[in-house]
Structures are given as C-alpha cells and as structure tokens.
Amino acid sequence: MNSTKRNRMAGALVAVATGTLLLAACGSSGSTSAVSAAADDGAACTVKVGIASGQTGGLAYVDVPHLEGFQIWVDEVNANGGVDGKFLVETIVKDTRSDAAQSATVAAELLSEGISFLITPGDADPSIAAGQLAQEAGVPAMSWFGSAPVLPAAVGDFMFSNAFGDNAQARVLADYATEQGYKTAYTLGSPDSAYTSNLPRYFKKAFESNGGTVAGEGTFSMGQPNFNVIADEIKALNPQPDVIMTPAYEPDFPTFIKAIRGAGITAAVLGTDGIDSPTTLALGETAEGVVYTTAGILKNEGSMGEFFTKYNTKYGKDPETIYAITGYELGKILEAAVTQSQSCDPMALKDTITNLEGVQGITGTIGFKGGDRMAIREISLVQVKAGERTLVATVAPDPATVPAA
Amino acid sequence: MDGLITYVVNIVSLGGTYALLALGLAVVFSVLRLINFAHGELMTLAGYTLLAGILLGVPFWAAVLAAVFVGGLAAVAMEATAFRSVRNANAATLLMTSFAVAMLLQVIFQNFISARGQAVPVPSLFTGSIPIANAQISVIQAISTVTSLVCLIALKAFFDRSKWGWAIRAAADDFETVRLMGFRASRLIAVAFLISGLLAGIAGILWVMQRGSVDPLMGLKPVLAAFVVVVIGGLGSLPGAVLGGYLLAAIEIALQTWLPDVLVPYRDALAFVLVIVVLSLFPNGLFGKRVTEKV
C-alpha cells in the first residue's frame, strides 16, 4: 500500500486538532485548594466559593494577581473565625487556561460542588460562558475584573463584575481629553474582544458629546507582529490628531507605542486599565506622558501600605499591579454580602449584592446599587512620568453622562 | 512613491522575520519530518535571555549574542531530551511531543518568571527612525530587514557550500541515503536543531525588539504563522520557506494597507482565504514535491 506525503500531512493535521482537544482535557483537572476549615463551632455555615480563574494563558496577568489578593482576604477572615466571626470561607480553585469553553467546563464542575458564590475570569467572554451556568443554577457569579458593561446584561441577574464599566472609563478619558484642549482624536480598537472593540466606541460617543472629533478609527488584530502599517496610517492623517486613544494592552500596547513613536508621531496617548502594569512603566522614554484609567494608584503607603505588608508576608514580594488589590476588594464585597444577609444561601447573597452600597475597599468605596451589576467605583487617571505612576485625578463619573452600553 | 517605500519595507522586514522562523521549522522538518510547535518557545527563551542580559547590565550586543546562543543550545537540548526517544515514531507522536514541550515551557515561563509580559528596555538608539527619500523607516524595521537578509545569505552559503548543509538538504529528499553516505543520524539531527534554534533566537530578538516586551505566550502566534509559511512554501523545501515568508507578509501587509474599513475585522480570515487559494493552485506548496513513499 502506498500513501502520499500529502495524506501523511493530512493525518498530522488531524493529530494537531486531536492533540489540542486531548491537552485541553488533560488541563481540566485544575487545582483544588480548600482552606483548612477550622472547627465549625458557632459557624452558621461555610461560604463555599468556587473560583474559575485563568491561572495560565492570556488572562493570567489579570487573574493570577486577583486570586493572590483574594486569598489574602480569605486567610484574614478565617483567622478571625470567618466572616462576622462565624462564616468560614472555603475556596475551590480551578484553572480555566484563559479559554472560554474551558471556563464553562470548570464552572460546571464548581457548581456541582454546591458552591454559594462563583468567581469568574477577568474578561467578559469567559465570564459570560461561566456566568450563564451560574445563572441557570441560581448562584451569584462575579468577574474578577471584566469591565465590559454588556457582561451582566448578557448573562442575567446573577452576574456581577468587580470592575467599573468600560463606558465609565471611556467617559473619564474623554473628559480628560477635552480638559486638555484636544480637539481631534484617533482611536485604535480590535474586534477580537468586547473590551478592545467597545472601548473606542464609548470613547468616540463621549468625546463627540464634548464637541471633539474622531478623525480616524484604526483596527488591529490582537498579537499582530507589528503596528507599522497603522503608524503609517496615522502619519498620513492631515491634520495630525491631538490625541490617540486605544484599549490595546500587553503585548500589543508596547508594540503599538514603539511603532508610533518610532514613526515620529508625537500625539498624546490615552490608554485604559489593561496597561496598568510594570511593563508600561518599564518602556522608558517611549511611554513617557501616557495617561490611562485604572482602579487606583499602586503605592506602598497608607491603607495600601498595609496591604503591601500582608502581600509581602504571604508571597515574599510586592504586588505588581492594582489587580491584587481589587482581588482583595472582591473579598470585601463578599464579606459585606455575607455579613448583611447572615447567610450562605446563593439567592440571599445575590439579593444583597444587588443592593450593596458603601463597601469600604482599599481604593475607595464600592457599591452595586443602581449600577446594573457593574461595580460603582472611583476611577483613577494616572500618568506615566519618568517610569512612575503619577495620579492626575480621581473621578466618580456621573452615570447620566456615561455612554450607554 | 513614499507610500511604496514604506509598503516594501513593511513587507521585507516582516517577511524576513517570517522567513527566518519558517526556515527554522523547515530545517527540522527536513531531517525528522516533524513540525516543531515548540519552536516559538525557543523564541520566547531567547527573549527572556536578552532581558536577563540587559537587566544584569551586560552590553547589549553581548546580551543579543547570548540570547541567540541560548536559543541554539536549548533546541539541541530539546532534541536530546524530548524528541530523540520518539524519533522513529509516527508523525502524530512527534507532533504531540512538540505540543507537550511547548505547553510545558509556557507553564515554566509563567510560573518561574511571570504570567505577565516583561518590558525589554532596548537601547534608545533602536527606537528612532531613519529618513529614506521622503519616508520614515523605523530603526528596528531597518535592523529586521538587514539582519534577516544577512542571515538568509549566510544560510544559503551554508546549505550550498558546507558538508552539513548538503547533508541537510539531501536529507529533505532521502534521509536514509544520507545516512548510508556516512552521516550519523544523531549528529545530523542535532545540527539541524542547532541551526533551527539559532534561527529562532535571531527571530526572537527581532520580534522582541519590535514588540518591546516578552511574555510566556509570545511564541504562539509566530509559530502558527511560520507553520502556514512552511505549508505555502512546500513542506521540506528550504527556498519555499523563504519565499513563503515574504508571500505571507505581502498578503498581510496588503490587507492591512488597502482593505476597506468595513472588511477590516475579516482581515485574518481573508489572509487565510488567500493562502487556501495559493494551496489550491499548488497543492504541495510553491516548492513542494509530491513524493510517494512505502508504508
């Protein structure tokens, strides 16, 4: 029997697909880390928290620090006998590998273990996949920091996000641009995710409502090799835009800003919370002056300094991004919900979270009442100066002026 | 005219990087009939080595040399530890092994370095632009273009003039005969992996210099692009890998430049449609040969 090389390669390609499926199956086991339940004396019930987190893959940069911060909160409350001194917290962590389908599989496994609360990855797409199962099971789910305002609506009344909405951060950026006297803008988005496709749209709406003009709208593919063609496109604009706004984050943002600065484009650059990381700060002269929105400015002082100490004691290093803090704050939200409802019942927790107000976090107060299940938080505007984060302003955008989701 | 210059430079700089990557895959395919999907992780490793060198205060050129060298050594180590024991297994086993190695390295990078990307502070000398006619070409693009062309010329000399170069080219056609001519299989495969690793190291540095950061999953997209390039060029064909690299870059840059806004979201899909058109005209790739073999 003879076979051609072509047939052999066809077989190999089938193997590629099979391999991907097999490896996906192998990776699904996840890790289970149950917090050692102390004596149950006096505890009304144990709050069982299922965590579907992207510990590996493209979302690890968001999800890993969130989980680290959350675990600090878990240790803290359990050391004090649980939430309100009686509700011990138990966590079950499973890795979603930053994949939407895997997030759904992992969520189904977690829900089958009778959890009271589900935490989903820090992005809308996997959170929708996992959240839909939680909605069906009647268990409240909260995304680490998925900021697409369409997320809760796409799932239902059991889905929440620990993040402010992208429409809110776009409003803050647009108002800042107007205050700086910028008249024309160029936006660069990507259809590859809800975050990268909707943020430029919200910015355009808000900027135009302020009287600004969006002179050009570029598109990129996440992970594309370079941004030279886009830099040429911006360079060809006449007149040059005063400001460039993009929700691109690592590794696209460094590539983009290197390309435009390399091409001699000097317009101001506005970014979003995805670039709040040491990578941006380490870009040196290239990223000098970039302004972006984030949940807070990471500084080892005040109440944040206390968190630095706790983090350092547990992990032997300083937190690198604000996401460790917002992970801890998700714990504080759960703590408030359990304390107020005095229950581990998923339905009671969901009802309480929906109406939460004034939860004291590290970056400020957090609430959900009237926020369409997106967290109502203050937004910090940060500027990169000499490789350091410098606070420009802290803003609580007026919901009436925030563009519709 | 200015537009044409930037267009050509965009193609040549990206195509050169694709060609280096694809050649790395093709060289190993020639001797082992394996598409090594862990090739991208060799790029990532070179990127981390470059970063480590810069952070340790080593002169930039020395960090670059170290990164290329580590890429080559890691490829040889990869062959000795992962592929040697399954060398005679079927294509599917080899592919699975390469996936396993790739995932293992990604997880190692994530857990032992960081899940987050790390900025690579290349000297400011490389962030400017050079005026050519009335167009501005970024220094990094110029470096990518020159480096890839020099490497391709050096490789051509190696394949045309050296004993090992001949052997690798001949192995692409008939590995058994090359062994009968007195070349030890283990050594020939190790040399192929060494060249492949050095090419991954060079491509990794060019990639990192363009991107400005290195992250654990950095190698994924380029290795997929290189896989497409190798298929377009014809599996096992070294000139095909080079030509395929420039062809894929030309398709991608043309679509980025001229596609109407409404079609932009379909850019990647359209690029692959064009690749399918090329493959339907040349089912074995541009330079591939249809070879029958006994099973």
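Gly289(A) sits in the loop of chain A that runs between α10 (278-281) and β11 (291-294). The model is a predicted one. Once its neighbours within four places in sequence are set aside, Gly289(A) is in contact with Gln383(A) and Val384(A). Val269(A) lies 20 residues from Gly289(A) along the chain, and the C-alpha atoms of the two are separated by 7.7 Å.

Chain A is divided into domain 1, made of 30-163 and 300-374, and domain 2, made of 167-294 and 380-401. The contact between them takes 12 residues from domain 1 of chain A and 15 residues from domain 2 of chain A. Taken over C-alpha atoms, the centres of domain 1 and domain 2 of chain A are 30 Å apart.

How much area do domain 1 of chain A and domain 2 of chain A bury between them? The value is about 1000 Å², and 52% of it is on carbon and sulfur atoms. On the side of domain 1 of chain A, Tyr61(A), Ser147(A) and Pro149(A) supply 39% of the area buried against domain 2 of chain A, more than any other three residues. The residues on that side of domain 1 of chain A, where domain 2 of chain A is touched, divide into 8 nonpolar, 2 polar and 2 charged. Between domain 1 of chain A and domain 2 of chain A there are 0 salt bridges. Polar contacts between domain 1 of chain A and domain 2 of chain A come to 2 residue pairs, both at pLDDT 80 or more.

The next topic is the interface between the chains. The size of an interface is often given as the accessible area lost when the parts come together. For chain A and chain B, the buried area is about 4400 Å², with 56% of it on carbon and sulfur atoms. Chain A brings 50 residues to the contact and chain B brings 57 residues.

Which side chains form the salt bridge across this interface? The rule finds 1 salt bridge between chain A and chain B, and the side chains of Asp252(A) and Arg211(B) meet in a salt bridge at 3.3 Å, N to O. The elements of chain A that give two or more residues to the side touching chain B are β1 (2-4), α1 (5-26), α2 (60-79), α8 (228-235), α9 (252-262) and α10. Of these, α1(A) gives the most, with 11 residues. By class, the side of chain A that touches chain B has 21 nonpolar, 20 polar and 9 charged residues.

Within chain B, Ala63(B) belongs to helix α3, residues 60-83. Is Ala63(B) buried or exposed? Ala63(B) counts as buried at 1% relative accessibility, because buried means under 20%. Apart from neighbours within four places in sequence, Ala63(B) is in contact with Leu50(B), Gly53(B), Ile54(B) and Val58(B). Asn111(B) is 48 residues from Ala63(B) in sequence, and their C-alpha atoms are 23 Å apart in space.

The backbone of chain A remains. Most residues other than glycine have a negative phi, and most peptide bonds are trans. The peptide bond from Asn238(A) to Pro239(A) is cis, with omega near 0°, and Pro239(A) is found in the loop between α8 and β9 (243-245) of chain A. Glu250(A) and Pro251(A) are also joined by a cis peptide bond, with omega about -5°. Pro251(A) has its place in the loop between β9 and α9 of chain A.

Arg97(A) is not a glycine, and its phi is positive, near 55°. Arg97(A) lies in the loop between β3 (89-95) and α3 (100-111) of chain A, and counts as partly exposed at 22% relative accessibility. Gln342(A), also a residue other than glycine, has a positive phi near 50°. The loop between α12 (323-341) and α13 (346-354) of chain A holds Gln342(A), which is partly exposed with a relative accessible area of 35%.

Technical notes. Residues are numbered from 1 along each chain as its sequence is written. Chains are lettered from A and ligands numbered from 1 in the order in which they are written. This is a predicted model: local features need pLDDT of at least 70, side-chain atom pairs count only at pLDDT 80 or more; totals for chains, interfaces and linings use all residues. Side-chain values use heavy atoms; hydrogens and water are left out. Helices (H or I, at least four residues) and strands (E, at least two) are DSSP runs, numbered from the N terminus. Contact means heavy atoms within 4.5 Å. Domain bounds come from an automatic or database domain assignment. Buried area is the accessible area (1.4 Å probe) that two parts lose on being put together, summed over both. A salt bridge is a side-chain nitrogen of Lys or Arg within 4 Å of a carboxyl oxygen of Asp or Glu. A polar contact is a pair of N or O atoms within 3.5 Å; within protein, one must be able to donate a hydrogen and the other to accept it, and residues adjacent in sequence count only if both atoms are side-chain atoms. Ala, Val, Leu, Ile, Met, Phe, Trp, Tyr, Cys and Pro count as nonpolar, Asp, Glu, Lys and Arg as charged, and the others, Gly among them, as polar. Buried means under 20% relative accessible area, exposed over 50%, partly exposed in between (1.4 Å probe, protein chains only).
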